[in-house]
Amino acid sequence: MGISMTEAAARHVDRYIKGRGQGQGVRLGVRTSGCSGLAYVLEFVDRPDDTDEVFESFGVKVFIDPKSLAYLDGTELDFVKEGLNEGFRFNNPNVRSECGCGESFNV
């Protein structure tokens with residue numbers, strides 16, 4: 001299945017990479033956190049790791065480590081604007097529950 005981005009997310013990431021003046025894409029991962037167990041981690045990638053899986057949507061690369069891929073396979077990364085708020089939304093088909101504050105999830 002892999003990881004994908006909507007066109008809105010790809011445009012947003014591409015704009016930030018160009019603004020930084022460097023970068024090959026973004027890394028999506030998970031870490032242990034919060035009351036539900038896992039939290040998303042998103043960071044720019046200047047140099048990918050040898051073990052990274054690479055997925056591309058709309059010309060923007062998403063790097064993910066094999067451990068995180070087990071929790072995130074099939075996830076679509078979206079960028080949404082709702083009123084004055086904007087940010088990334090993770091459409092992860094593996095999520096079984098989320099905490100009330102939205103900071104963490106469980107698979």
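**Reading helix α1**

Q: How many residues does helix α1 have, and what span does it reach from its first C-alpha to its last?

A: A helix here is a DSSP run of H or I with at least four residues, numbered from the N terminus, and its expected span is 1.5 Å times one less than its number of residues. Helix α1 (residues 7–20) has 14 residues and reaches 20 Å, close to the 20 Å expected at 1.5 Å a residue. This is a predicted model, in which local features need pLDDT of at least 70, side-chain atom pairs count only at pLDDT 80 or more, and totals for chains, interfaces and linings use all residues. Residues are numbered from 1 along each chain as its sequence is written, and side-chain values use heavy atoms, leaving out hydrogens and water.

Q: Which residues of α1 are buried?

A: Buried means under 20% relative accessible area, exposed over 50%, and partly exposed in between (1.4 Å probe, protein chains only). In α1, the buried residues are Ala9, Ala10, His12, Val13 and Ile17.

Q: What does the face turned away carry?

A: There you will find the exposed residues Arg15, Lys18 and Gly19.

Q: What follows α1?

A: Gly21 does, with a positive phi near 85°.

Note on methods
Helices (H or I, at least four residues) and strands (E, at least two) are DSSP runs, numbered from the N terminus.
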